[in-house]
Amino acid sequence: MHMNSAIIRQKFLDFFESKGHKIVPSAPLVLKNDPALVFTNSGMVQFKDYFLGNSVPPSKRIADTQKCLRVSGKHNDLEDVGLDTYHHTMFEMLGNWSFGDYFKKEAIAWAWELLTEVYQLPKDRLYVSVFGGDKDDNLSIDQEAYDLWKSFVDEDRIILGNKKDNFWEMADVGPCGPCSEIHIDLRPADEIKKKPGKELVNNDHPQVVEIWNLVFMEFERSWKVGGSNALMQFDLSSSNTDKKAREKLRSESTILKPLPNKNVDTGMGFERLCMAIQAKTSNYDTDVFRPLMDFIALHANVKYDESKAGARVEASPSPVERGLEGEVKTDIAIRVMADHIRAVSFAISDGQLPSNTGAGYVIRRILRRAVRYGFSYLNFKEPFIHRLVPLLALQLKDVFPELHQQVDYVSKVVHEEEISFLRTLEDGLKTIEDGLKRMDSWIADTENWAKHGPEALGLGVGEGEPKLSGNKVFTLFDTYGFPKDLTLLVLKEKGKLHYLNDHWEQEFNSALQQQKSRSKVDAAKETGDWVLVADGEKPEFIGYDELTSTSTILRYRKVKQKNKELFQLVLHKTPFYAESGGQVGDTGVLEVGDEKIFVIDTKKENDLIVHWVEKLPSNLEGSVQAKVDVPKRKLSMSNHSATHLLHAALRNVLGKHVEQKGSLVNEKILRFDFSHFASMTREEIFKVETIVNEKIRENIQLNEQRNVPIEKAKSLGAMALFGEKYGEFVRVITFDPKFSVELCGGTHVKATGNIGLLKIVSESSVAAGVRRIEAVTADGAFEYLNSFHLEIEQIKTQLKNPKDVVASVQSLVDERHALEKKLEIIYQQQANTLKDMLATKAIKSNGYTLLTERVSVPNADSLKNIAYALRNQFDDLLMILAADIEGKPQVAVMIGEKLEATKKYHAGNMVKELAKEIDGGGGGQPFFATAGGKNINGLDRVLVKAKELLI
């Protein structure tokens, strides 16, 4: 029975809905309040708080299809993508969940029913695994699961798995439990006769693959006394090299206790499931990928050969080597491009723009990897990948509508990224190619090698042969935009990976660290374990209505950041707003008896409201008076409400394509990022500003609605931000239902009149297709205008109080331009005179024309013009000028064309040596170089040293 991917997905959701599950939408790919993860990398991520007990699920039974991304950290499949048949950057995870409801019996029975009766997969091709026990944790075989499976499959199809494959854990401590995997053998019948599939389970065979993992969370792992410190010391001393020893120590340092409520967490790879149902040998041959791949092949004028994909067992240790051996590179390139555009498009639609740092850099790496494959193997020399976005959006509009709703915006961002990288891609590849050719030729020429040594390569020094240094890899990253792994991929493809020196990665990281700003707050942060003080449910936020409260401490932990010791507190009830939605966290004070503890920040971690303090109260169990800094909160509220008015005004003036792409709201300023592809004109900025201030003067009352069903909120016209995760019930903020209706969890003014005034202070670009407005409101707006007015008054005073200030300033500008032109003529005349004088001082020496003089010139351009004029006059010139440029020293070295051809002298090397005399540095071309410095008194020594160099 043939099923397309849309039917396969829907049958999964319909099946579990019929079993009493609530179907929920996918969470965004990009995470915002999770300190441990950047991207959603599995189906359980959006439900983590339910498992940890921080939140209550909307239903005890849930099912969904979740967008996932695995390209960094522990789960990193990027290197394998396109080179084998079953790894992907972005993939869908189908899952069903039970929170304290059903357990192993139902999960196993339903999994078998869905696979064999609904999807009609052959039973004789399926294998299952169960946890076989672990001595270190004193755990026996999962006999319950084993016995349940026996009623569906023969025992010779049940495999006992080890802890690595069949015991799932969220982290070192926390909920955990045994799991049961379902594998399918998709090989031809003749291969199955030769070797049973059971022997190939969990052995990376491309046609014997896991399709479903059923996790039974029945334990909670917690630290024994001192256990956390023991494992931390191990990690610091062993650098995680001995995984078995670490796992044994972790077992010894923790204790497993049965959970009072047992949970089920299952995950089935959608792409692999489609491969199995559609009887394909590769995920890429399913209708999940083929529309994209066929489009790529058509426009590249090549044919994709699916017969080769997945036809062999890849056993080589290098995925690049195994992928490029025996398979057409164009096929790999097509798979890479089809896969990568999915990850990039959905990340952008969920709010993550490509950038040079953090999650944005991961997305840029993926996109540039795809661009390079298309450029090198499919001859896409012009931007092409952005053309795949509309096709992908149309394909998935019913399941993930967020991409279809932003298709023009996402296409434009991808297009701009392609243009940017293609500018430098060819030069970067040529740089690698030239470097490798030089290294090849030097290695081959042993006589030249012995004579000149490895330093002559300029690429770093290895042991006995030339090596490519980490600094060169960094140059490719910094100058040409090549991510590190892209350079490695190119070297692997050319079989030159061994040209890297042994320390290249350390050198690369060192160069990268030097470039980065070290001011990031979280650059070095050590976080201790939570210490429970009192039992309590999810912390309650009352800050919409109250700015003070009486509370108690539920838990605390120590944090070391930049060698400073801080503490984090969680209260059972708090008026402190935690940083989210662009609004900064509240500050204030906690009073415990007579003791005052100042709150320096408030942040959200998962669903916990975390108060940052510099010390702990002496009495942790005492009553806490929590008091928010009221003036700061009110100013933040003004700025936050103003962003809503600004958003609506921008859509009114620029068009409905405008969507919020980021914001910062604090007590001083508001910063609003939005989708738009051109800089705003002065007229547009003025119009937006006027609309916002009109709405402020109307003193529109805030209409705040809490716990509104999400569908009702959308029917009210509320704007939901792409990339945000919303629950079943939301908060709706309205300032005039015909003007501004948004979903928002932030704090707001009671009426727009409280904002006072808005003044836009800047409009700029922050990324492809994204503009940024910065504005001030309330006290900040009046301070800005008063400061501006004071500047105008000071200018008028300087201009003797003219009637028309603008005309007076323009007159001064015109007068300055006229004077500058006259000066240029005078400077040129002086330079010509000086050049003629210097020509008379040139002397013939050792077959060349020598000129070493100290001069005074008005600027660096004059010095350069004189040098080139003399080079035109003397083709055998060797000139060194020590120049005084309005009190600043500069050295210039010029070599004539005829003398340059002899390669006897190098201007760049000479000027570096001479610059030492003026406490400076510089460089340039082999025939012309300059250097500046700090010590004007060293100019005479420059001329002395010049003569020494020429002896």
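Me: Which strands form a hairpin with four residues between them?
Reply: In this predicted model, β26 and β27 form that hairpin. Look at the turn next: D736 there has a positive phi of about 75°.

Me: How many bridges join β26 to β27?
Reply: Strands count as paired when at least two bridges link them. Here β26 (residues 729-735) and β27 are joined by four, and they run antiparallel.

Me: Which way do the residues of β27 point, and are they buried or exposed?
Reply: Buried means under 20% relative accessible area. Strand β27 covers residues 740-743. S740 and E742 point one way, V741 and L743 the other way. All of them are buried.

Me: Now the sheet of four strands. What is the strand order?
Reply: Read across the sheet: β23-β24-β29-β28. The sheet is open, and its pairing is antiparallel.

Me: Why is one side of β23 and of β28 left without a neighbour in the sheet?
Reply: Both stand at the edges: β23 (660-665) and β28 (758-767) each have a single partner strand, so one side of each has no neighbour there. As for the angles, neighbouring strands of this sheet are turned by 15° against each other on average, direction ignored.

Me: How do β24 and β29 pair?
Reply: Six bridges link β24 (residues 670-675) with β29 (residues 770-777), in the antiparallel sense. R671 faces E774 of β29 across this pairing.

Me: Which helix packs on the sheet?
Reply: Helix α21, residues 630-654. This helix touches β23, β24, β28 and β29. Its direction makes about 30° with that of β24.

Terms used
Residues are numbered from 1 along each chain as its sequence is written. This is a predicted model: local features need pLDDT of at least 70, side-chain atom pairs count only at pLDDT 80 or more; totals for chains, interfaces and linings use all residues. Side-chain values use heavy atoms; hydrogens and water are left out. Helices (H or I, at least four residues) and strands (E, at least two) are DSSP runs, numbered from the N terminus. Axes are lines fitted to C-alpha atoms, for helices over the stretch in contact, and angles run from 0 to 180 degrees between N-to-C directions. Contact means heavy atoms within 4.5 Å. Buried means under 20% relative accessible area, exposed over 50%, partly exposed in between (1.4 Å probe, protein chains only).
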